[in-house]
Amino acid sequence: MRFIVADLFQEDFSDATVVTLYMGQDVNLRLRPKLLRVLKPGTRIASFCFDMGEWKPDSVSTFGREDAYFLGCPANVSGKWVWTEGRGRSRVRWEMELKQAFQEVSGQAIRNGSPFPARSEAQRRRDTLQS
Ligand SMILES: C[S@@+](CC[C@H](N)C(=O)[O-])C[C@H]1O[C@@H](n2cnc3c(N)ncnc32)[C@H](O)[C@@H]1O
């Protein structure tokens with residue numbers, strides 16, 4: 001194990017597989033873009049006391065009087081995706097335009113030119129809880 005005294009905003013920690021934080025709300029929010037930009041998808045983040053604002057945690061645990069927030073770094077999947085599956089008469093052309101807010105993904109899929117509903121697993125779970 002190595003201990004490094006450094007400024008989080010300058011240090012390269014892109015090879016981390018787990019990031020543990022006990023910083024402050026302001027630092028967390030300023031650090032958020034860097035976490036999303038440099039960490040590999042799937043990297044786990046545990047933040048004691050302070051959450052990540054609109055980037056909602058996947059789970060929360062309480063230790064004594066304080067909460068700890070657990071998040072997984074999402075892959076960036078936003079943008080336009082086009083692919084085909086099958087062959088001959090069963091060939092299907094898909095187009096999908098995805099918008100992403102942290103781990104939540106939504107968008108419109110087009111299957112052979114016709115709209116096809118698409119939503120992320122996180123969005124589906126939230127819709128299910130709200131109905
Ligand atoms: C809530 S305190 C936590 C102190 C300590 N980590 C602990 O576990 O008790 C937040 C700490 O983050 C440090 N900090 C603030 N901005 C930082 C930065 N850019 N890079 C590294 N540390 C920073 C502060 O100096 C402060 O010590």
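This is a predicted model: local features need pLDDT of at least 70, side-chain atom pairs count only at pLDDT 80 or more; totals for chains, interfaces and linings use all residues.
Local features need pLDDT of at least 70, side-chain atom pairs count only at pLDDT 80 or more, and totals for chains, interfaces and linings use all residues. Residues are numbered from 1 along each chain as its sequence is written, and side-chain values use heavy atoms, without hydrogens or water.

**The largest pocket**
- Its volume is about 580 Å³. A pocket is an open set of points on a 1 Å grid over the protein atoms alone, where a 1.4 Å probe fits, with protein on both sides within 12 Å along at least five of seven lines. The volume is the space filled by probe spheres set on the points, which are joined across faces, edges and corners.
- The lining has 19 residues, and Arg2, Ile4, Leu8, Glu11 and Phe13 are the closest to the centre. Lining residues have an atom within 4 Å of a point.
- β1 (18-21) and α1 (25-38) each supply at least two lining residues. The largest share, four residues, comes from β1. Helices (H or I, at least four residues) and strands (E, at least two) are DSSP runs, numbered from the N terminus.
- By class, 13 lining residues are nonpolar, one is polar and five are charged. Ala, Val, Leu, Ile, Met, Phe, Trp, Tyr, Cys and Pro count as nonpolar, Asp, Glu, Lys and Arg as charged, and the others, Gly among them, as polar.

**The second largest pocket**
- This pocket has a volume of about 210 Å³.
- Lys56, Pro57, Asp58, Gln103, Glu104, Ala122, Arg125, Arg126 and Leu129 line it.
- Helix α2 (residues 121-130) gives the largest share, four residues.
- Its lining has three nonpolar, one polar and five charged residues.
- The second largest pocket lies between domain 1 (18-72) and domain 2 (79-122), because both give residues to its lining. Domain bounds come from an automatic or database domain assignment.
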